[in-house]
Amino acid sequence: MTRYLSLDVDNKKVQVHCDEDVPALYVLRNDLALNGPKFGCGLGQCGACVVLVDGNATRSCVTPVSALEGTKVVTLDGLAVNGKLDALQRAFIQLEAAQCGYCTNGMIMTAKALLLREKHPSEEQIRSALNGNLCRCGVHNRIVAAVQMASMDKAQ
Amino acid sequence: MSRSQNRGTTRRDFLVSAGILVASFSLSRPTAMAQIVEGAAPISFAKTKRLDGWIRISADNVVTIFTGKAELGQGILTALAQIAAEELDVGVEMIRVISADTSRGPDEGYTYGSQSIEQSGSALRIASAQARAVFVAAASSYWSIDARAITIDKGVIVAADGRRITYGALAAQDKDLLSRDVTSSIRPKSTDEYRIVGRSTARIDLPDKILAKGVFLQDMRQPGMVFGRVIRPPTPGAKLVGFDPSAVRAMPGVLSVVHIGSFLGVVAEREEQAIRASDAVRANARWEGGEKLPNENELAAELLRFAKEDLIVAQTGRTTQTAPIAHWVEATYTRPYLSQGSIGPSCAVARFSAGRLTVWSHTQGAFPLRADLAKVVGLPVNLVDVVHVQASGCYGHNGADDAALDAALLALSVEGRPVKLQWMRDDEFAWSPISPAMVMSAKAGLSAEGRIVDWSYDVWSNTHATRPGQPGGTNLLAAWYLNKGYTVSPPLHIPQPFGNGDRNAVPCYDLPRVNIAHHVLTAMPIRTGSLRTLGGHSNILAIECFMDELAAVAGEDPIAFRLKHLTDVRAKAVVEAVRSATGWPVDRKRDGKTGRGFAYARYKNISTYAAVAVEVELDRTTCNVTVKKVHAAVDVGRVINPDGVKSQSEGGIVQGISWAMKERMRFSQHKITSTDWSTYPIITFDEIPQIDVVVLDRPKEPSLGAGEGTIGPASAAFMNAVADAVGRPIRDLPITSERIRDALRI
């Protein structure tokens, strides 16, 4: 059913008009012009589209937009607050934890959800949290190191 | 072919002419064809002769460099910016890069084969050195002082008496300063003067990606943009025999239903509307016929039955008297079809407006793509532009070019509206070119002293090169379904040392007698194309696994055995570097659990040297293998960006292990059945060990591409490690638990 939906995305209240069962990814990218969440598989298998929904890593390509109503959504686009980068963004830049950067959104947002519930995760916990996120360039170890670095960042 | 003839052509022209003229071309010795000859004019100057075609400096002192090469995730723009900044004496942050744009950049053919540093890097190095000299001369006459009294500090020209002027201010006074022919007469800096090249430099493209600044093609939004999807047949080669567009046209948001021959596509206002419309088209369309695909369970036997053309790759020492042969050893290795596996499926944006077609694409070859697009859509080339925009990592010929034609065909149906065309995940897996399955068969004779005295080798493969611009065909997927007679090119003959399926088929060892044959499969029921290293991966894999089998027969340590067949000091240096990093045990007792494997190769026989050692642990109950540790050493000649080389080498190792451990394209007799990540699994975080890469810097040697050097050795070292743990070789990829269980049962 096509209707108006009220969403809270990156600390902004927005209204969109679309079918309520459209995957949230398309609404975030096309209606809200967000760049962070990426289309990778549309099947919830690769993690490129992850956003935080009430702090939980959520695959927006298999989440109907109506499921976002009444929640707080945070995307990579909104992770830096007032120009201050998130500790994960700083660490990913410092360690060059990306080659093509296409999976990076999912890596950072999945790691963000992990750090929200576990301030100082072990390497094993980081690998396990990221295991459902695919990277084809082979940057995995740098990504793990960047999450470790961010977890030790006092400004986190 | 002499150097002077080769110098005036691009790699693409070279390949094209080779394809037409050279039926079978073999070199028994590697040549330095692709390497920089210091002092020679860079190959890319042949097509872009004007200096301001490479460098422009604006009044605000921003240096814009132009390259025909594309950022594919490999960090090339950063390396090129470093080279230009070094020669111009500016900071890397002052450089902007325009890349692979037919409307305003140099034609440097394709971005492939790890040649961007060798080609674009050498052009920009010399052009930048010339530009600096032009500015010094201009400042010298502006101030009426001797040029020797002038220095340059971060883009500011400084006279000995303290007067200063920026490049930009001088360029603003004389707009034609850089409007002149390029010359190779200005000597670039010598390597000991380097302050930027050779030091790790932050990737210029990464912060924007990490901050979601919208740099990807998928992020492109244009006013009035609409969304497209294409609908492929159920079986490759099937013909559309019935389709009624009327119901689809009436769906919400649908702007256009494109039906040309057997090509089907839709355009809608919203992306989800385009997806729903494409589902409706799929449900409505009726198809007939199509290719019969080979039996995937008897793939090697099927490949050997394909129609083929036999080529001699190398034949040496046939008349030489060699030592008597004490042992003959034979082995055959196989590899399945592999997917590119980019995380982002292909995408394109196209706009047809006022008679001009502009396509934004993540192609590896903007210029060759433009020519084929123009031909298929029926426009003159000068009314078509292709602009490279970055997308998901590119490891070879993915669906980018095909998506560009799809988008163009849809854009022509909605004139004035930009169309964003996105392939779905199954489009990418099932319809982009995949890397050919291969069979490699080796036979060698060992002397009583354990030396290789005779080596013969056969490789069977479909072509690894089916790109737009190749002769004898039109290599764009949709073109074949327009019912206009477009077909794929015949297999491209790429001479050694580059090679096609025979890349790296000539061992990098000193062998007195070799006989190497390439059986080019001419039947192609499954569309194949280029993936990182072309045939290099499989040939390195087969040769390096076979070297281990030979070492075992000779009763020698695998590394010691290799060193006895190597004289190249750079080869020996990477082998020794890995041996000492691993603390390689010479007389280790097998425990049936841990396995160590080693492999070495020089990519394309003329490029990067790489040695890799892998340690695995085998669980004999579950038959699962865990990779515990990887050590590698690479020599890429003069290093431009050490961290970039490390990152590329690490990435190659991860991909090489993933191919060997997990990857296999699956198919039925009618279609590709690996259509998502559950049917085409790749390596994940918990399977990746610590990886240590040593980069041996050779500042006096030409720079070599780093993108592909470690992949073959990584796969081979992994296979050798598994063989060491299992106690016998497994010669078929991927090394699954089932194959390990079978090997343990024997």
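This is a predicted model: local features need pLDDT of at least 70, side-chain atom pairs count only at pLDDT 80 or more; totals for chains, interfaces and linings use all residues.

Q: How many helices and strands does chain B have?
A: Chain B has 18 helices and 24 strands.

Q: What radius of gyration does chain B have, and what would a compact globule have?
A: A compact globule of 746 residues would have a radius of gyration near 27 Å, and the 27 Å of chain B agrees with that. Along the principal axes, the C-alpha atoms of chain B fill a box of roughly 80 × 75 × 50 Å. Of its 746 residues, 64% count as buried.

Q: How many of the contacts in chain B join residues at least 24 apart?
A: Take the contacts between residues at least 6 apart in sequence: 78% of them join residues at least 24 apart.

Q: Which residues touch the most other members of the largest nonpolar core?
A: That core has 107 residues, and those touching the most other members are A:Phe92, B:Phe263, B:Tyr337, B:Leu405 and B:Trp677. Helix α11 of chain B, residues 400-411, gives the most to this core, with eight residues. Another core, of 84 residues, lies apart from it, and B:Ala599, B:Val614, B:Ala717 and B:Ala721 are among its members.

Q: How is a pair of aromatic rings described?
A: Two values are used: the distance of the centres and the angle of the planes. In this model the count comes to 13 aromatic pairs over all chains. One of them is formed by B:Tyr142 and B:Trp143; the ring centres are 6.1 Å apart and the planes stand at 45°, so the pair is tilted.

Q: Are B:Tyr142 and B:Trp143 buried or exposed?
A: B:Tyr142 is partly exposed, with a relative accessible area of 42%. B:Trp143 is buried, at 10%.

Q: Which parts of chain B does the pair of B:Phe429 and B:Tyr680 tie together?
A: Begin with the geometry: this aromatic pair is tilted, with 5.4 Å centre to centre and 50° between the planes. B:Phe429 lies in helix α12 (residues 425-431) and B:Tyr680 in the loop between α16 (642-662) and β24 (690-695), so the pair ties together parts of chain B that are 251 residues apart in sequence. B:Phe429 counts as buried at 1% relative accessibility, and B:Tyr680 is buried at 0%. Ring pairs also bring in B:Trp677, which forms a cluster with B:Phe429 and B:Tyr680.

Q: Where does the charged end of A:Lys38 sit?
A: The charged end of A:Lys38 sits over the ring of A:Tyr102, 6.0 Å from the ring centre. In chain B, B:Lys443 lies over the face of B:Trp328, at 4.8 Å from the ring centre.

Q: What does the side chain of B:Thr463 reach?
A: First, its place: B:Thr463 lies in the loop between β19 (452-461) and β20 (514-521) of chain B. B:Thr463 is buried, with a relative accessible area of 3%. A polar atom of its side chain lies 3.1 Å from the backbone nitrogen of B:Ala465. A polar contact of 2.9 Å joins the side chains of B:Thr463 and B:Asn500. Leaving aside neighbours within four places in sequence, B:Thr463 is in contact with residues including B:Pro436, B:Leu492, B:Met524 and B:Gly529.

Q: Where is B:Ser140, and what does its side chain reach?
A: B:Ser140 is in helix α4 of chain B, residues 116-143. With a relative accessible area of 15%, B:Ser140 is buried. Its side chain reaches the backbone oxygen of B:Ile145 at 2.8 Å. Not counting residues up to four places away in sequence, B:Ser140 touches B:Ile145, B:Asp146, B:Ala147 and B:Ile150.

Q: Which residues of helix α2 of chain A are buried, and what covers them?
A: In this helix, residues 87-94, the buried residues include A:Ala87, A:Leu88, A:Gln89, A:Ala91 and A:Phe92. Their cover includes α3 (104-117) and α5 (140-151) of chain A together with α6 (206-210) of chain B. At the start of α2(A), a side-chain oxygen of A:Asp86 reaches to within 2.8 Å of the backbone nitrogen of A:Leu88. Just after α2(A), A:Glu96 takes a positive phi of about 50°.

Definitions and conventions. Residues are numbered from 1 along each chain as its sequence is written. Chains are lettered from A and ligands numbered from 1 in the order in which they are written. Side-chain values use heavy atoms; hydrogens and water are left out. Rings of Phe, Tyr and Trp (its six-membered ring) pair if their centres lie within 6.5 Å; planes under 30 degrees apart count as stacked, over 60 as edge-to-face and the rest as tilted. Buried means under 20% relative accessible area, exposed over 50%, partly exposed in between (1.4 Å probe, protein chains only). Helices (H or I, at least four residues) and strands (E, at least two) are DSSP runs, numbered from the N terminus. A charge sits over a ring if NZ of Lys or CZ of Arg is within 6 Å of the ring centre and within 35 degrees of the ring normal. A polar contact is a pair of N or O atoms within 3.5 Å; within protein, one must be able to donate a hydrogen and the other to accept it, and residues adjacent in sequence count only if both atoms are side-chain atoms. Contact means heavy atoms within 4.5 Å. A nonpolar core is a set of buried Ala, Val, Leu, Ile, Met, Phe, Trp, Tyr and Cys residues joined through side-chain atoms within 4.5 Å. The radius of gyration is taken over C-alpha atoms; the globule rule is 2.2 Å times the number of residues to the power 0.38.
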